[in-house]
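This briefing is meant to be read beside the sequence and the 3D view.

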Amino acid sequence: MTSSFPFLSSPLTNGKLQLKNRMVMSPMTTSYANADQTPSQRLTDHFVERAKGGVGLITVELVTVDTEHRYLPNSMTLGDDQYIEGHRRLVDAIHQHDCKVQPQISHTGPESIAPMSGGQTLGPSINIAPVWGWPSRELTVDELAEIAIQYGEAARRVREAGYDGMELHAAHCYNLLGSFISPLRNKRSDEYSAHGKERKTRFLLEVLEQVKARAGGDLPITLSISGYERYPGGRTLEDTQLIAPMLVAAGVDCFRVSGGVSDNLVTGMVNSSEYGYAVNVAQAEAIKNVVDVPVMVVGRIHDPEVAEDIIANGQADLIAMARPLLADPYFPKKVLAGTPERIRRCISCENCIDSQAHQANLACAVNPLSGREGELSFARSGKKVVVVGGGTGGLEAARLAAEAGHRVVLMEKQRSLGGSLTLASTVHSDNERFLRWLLAEVKRLPIDVRTATEASVGSIRAENPDAVIVATGAVVETPDIPGVEQQHVLTGALLRQVAAGVLKDDQAFRLPRWQQTLVNSLVQPLQPLMTPGLLRRVSRWWMPVGREVVIVGADLVALELAEFLAERGRRVHVLESGRKIAPEVGNKRRKEHMDRFDKLKITLNSSVDIVRIEKSAVVIEVNGATAINGAAALNDDIAINDAERRIHGDSIIVAGNVVANTVLADELENAGMVTYAIGDCTGLGLIAKAVRTAAEAVSQL
Ligand SMILES: Cc1cc2nc3c(=O)[nH]c(=O)nc-3n(C[C@H](O)[C@H](O)[C@H](O)COP(=O)(O)O)c2cc1C
Ligand code: SF4
């Protein structure tokens, strides 16, 4: 059989690093290691699942060269011989699935968390680490020689643990090596300064010498390096091209090219969708042009079609992927099988990185098993399951239950599946990748899908199910703002009713008669045709809002709606009474929306009192104490008076509050049926919660 991805499927044979295909897992520190810095069972399960998925090489996460300078509280080390055994078990488990594996070896330098236990971070100069804010101490020349030996010793342990190679981390002006080769952090004036290619690389070359001497020349060494640092005063691509051949001569067998520097939201390292796809390819190709060893490229290469082209065009030899393999460990197998449509693609939501920062948990929004590989399992017990609701949670529950061999009936009251994910995919197109995948999987599996079917206790009982999974979604409550009852005010509740094609009295009055008739008579029958793509196209020439729009409320959906409107030429203002916008997401995702607001010229005022809604304005009161973050309490002179201000809008949208609605689930439970309520019907939770609770419910069947 000829592969539809001949380049990605082909083995890598020209060099020390020999691989069965061109797909590599880029390092992702999971925080799953034991507190004693050894690999845990959870961490092993996580990587073994990726090995089973067919990837050619796994670069397991960052592993430190010394025990003192940890990267995270639950990260790993090879800083002593006692750690070899644990790594050997990890390697053996991965090798059982015909997959090569290497660690990413690093001295954490300025990024160490040593100060948490009374220690000191170290650097080429005094550097403040963006994440933690501690200043590092400048290393002496004698200390550098000791650290180079630590690298060499760690490399020896890499070989003794049975790894197939190692990656030296020198990218993103990050950790010790990355800091030495960047003028942004290396401010030294001695022979290790960042001036001139010899000085800049001196420490790195000494490290390579120790690595070669202690690990042996046959252990393939990959160097991760930023092609250029995308920052004023940072290392240029020309500089990287100058040092690359020297590094090859010193023993580098492969480069993994990324780009940018790290900040406290790893903006340049873990790129958002604003960067577009395949961000570092030109840099990788430029480096490939000056060396004869294989070059790997990483950075938003999230689709196999793009990856295949990169290799086919000779721009890189290997494709490294991080988030795509969190979202779908079986991405490589699906490529090899020629079924790319079955890949569950990353939607760039940043839940993984945001959840790692806050919950020490690398949770993928679309893959409920990520990090819970050994914990959640699905029994093949052939039960009859009724799933009510065809939105994210319902589709995922139906899919998982059918995969597990249960007999599944999926009831959806609309004429098409998708629920609120259809609207979410319309306003934020990244989500559509997941919607399309869910719909295709539900179609592929033996699921009895019944659209236009309103479920009730009676109709569900008639199915005689062993269990019912209720995924009927939340309700949107309109806040009690003076003036909100006026006809011209649009609400989140109304928008949902319009999308469903079912207007209710509480909101219908907001639309002119002819529009009510249109919604009631046309939306329902046309629903199966109304894909997010079509809705986006239609919205380019007509939307029921004026030129200037005020949105009251700033949850994630409201932010995405604001961007959607601004992209279509509307002037948009967002008003929020709380201090925090989109509290349901983490800092990285929130900052991405702030950046988009900036670009799209959307104004945002949080911490304002919404006083009333008028004919063409929302009246707000700026509370001095809140507006200046408490400073008013200390200094009356700079307090902003509680003055009313008018924010003009031709249209006013009140987003509303998403609240739980477990009416059906409660009725079913009271009727004695085994019932699981999942997703938003138990309260707002986005895709991540819908998918997680669906998996938890199915695992209990
Ligand atoms: C949760 C997470 C943890 C990461 N940890 C590391 C790490 O320990 N070392 C590293 O060099 N890169 C790390 N990265 C960066 C990835 O290896 C990769 O370069 C980046 O995510 C861009 O690739 P992608 O678009 O395929 O995700 C991490 C990325 C994520 C999402
Ligand atoms: S959490 Fe979001 S960004 Fe991270 S891998 Fe999953 S889909 Fe991609």
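The points below go through these topics in turn. The model is a predicted one. Its salt bridges number 46, and the space taken by ligand 2 is its largest cavity.

**Salt bridges of Arg 596**

- Glu 274 and Arg 596 form a salt bridge through their side chains, with an N to O distance of 2.6 Å.
- Glu 274 is in the loop between strand 9 (254–258) and helix 8 (281–288), while Arg 596 is in helix 22 (residues 587–600), so this pair ties together parts that are 322 residues apart in sequence.
- The relative accessible area of Glu 274 is 37%, so Glu 274 is partly exposed.
- Arg 596 has a relative accessibility of 7% and therefore counts as buried, the cut-off being under 20%.
- Arg 596 also has a salt bridge with Glu 563, in which the closest N and O atoms are 3.7 Å apart.
- Because Arg 596 belongs to helix 22 and Glu 563 to helix 21 (residues 556–567), that pair ties together parts 33 residues apart in sequence.
- Glu 563 counts as buried, at 4% relative accessibility.

**Salt bridge between Arg 536 and Glu 432**

- The side chains of Arg 536 and Glu 432 make a salt bridge, at 2.6 Å from N to O.
- Arg 536 is part of helix 20 (residues 532–539) and Glu 432 is part of helix 15 (residues 432–444), so the contact ties together parts that are 104 residues apart in sequence.
- Arg 536 has a relative accessibility of 19% and counts as buried, and Glu 432 is buried with a relative accessible area of 8%.

**A salt-bridge network**

- Asp 81, Glu 153, Arg 156, Arg 157, Glu 160 and Arg 214 are joined into one network by salt bridges that share partners.

**Strand 2 and its pairings**

- Strand 2 (residues 57–64) is mostly covered, with eight of its eight residues buried.
- Strand 2 pairs with strand 1 (residues 23–25) in the parallel sense, over two bridges.
- The bridge partner that Val 24 has in strand 2 is Leu 57.
- Strand 2 and strand 4 (residues 100–106) run parallel and are joined by seven bridges.
- Leu 57 has Lys 100 as its bridge partner in strand 4.
- Strand 3 (residues 76–77) runs parallel to strand 2, and two bridges join them.
- Thr 77 in strand 3 stands opposite Thr 64.

Conventions:
Residues are numbered from 1 along each chain as its sequence is written. Chains are lettered from A and ligands numbered from 1 in the order in which they are written. This is a predicted model: local features need pLDDT of at least 70, side-chain atom pairs count only at pLDDT 80 or more; totals for chains, interfaces and linings use all residues. Side-chain values use heavy atoms; hydrogens and water are left out. On a 1 Å grid over the protein atoms alone, a cavity is a set of points where a 1.4 Å probe fits but cannot get out, and a pocket is an open set with protein on both sides within 12 Å along at least five of seven lines; lining residues have an atom within 4 Å of a point. A molecule sits in a cavity or pocket if more than half of its atoms lie within 2 Å of its grid points. A salt bridge is a side-chain nitrogen of Lys or Arg within 4 Å of a carboxyl oxygen of Asp or Glu. Helices (H or I, at least four residues) and strands (E, at least two) are DSSP runs, numbered from the N terminus. Buried means under 20% relative accessible area, exposed over 50%, partly exposed in between (1.4 Å probe, protein chains only). Two strands pair if DSSP finds at least two bridges between them.
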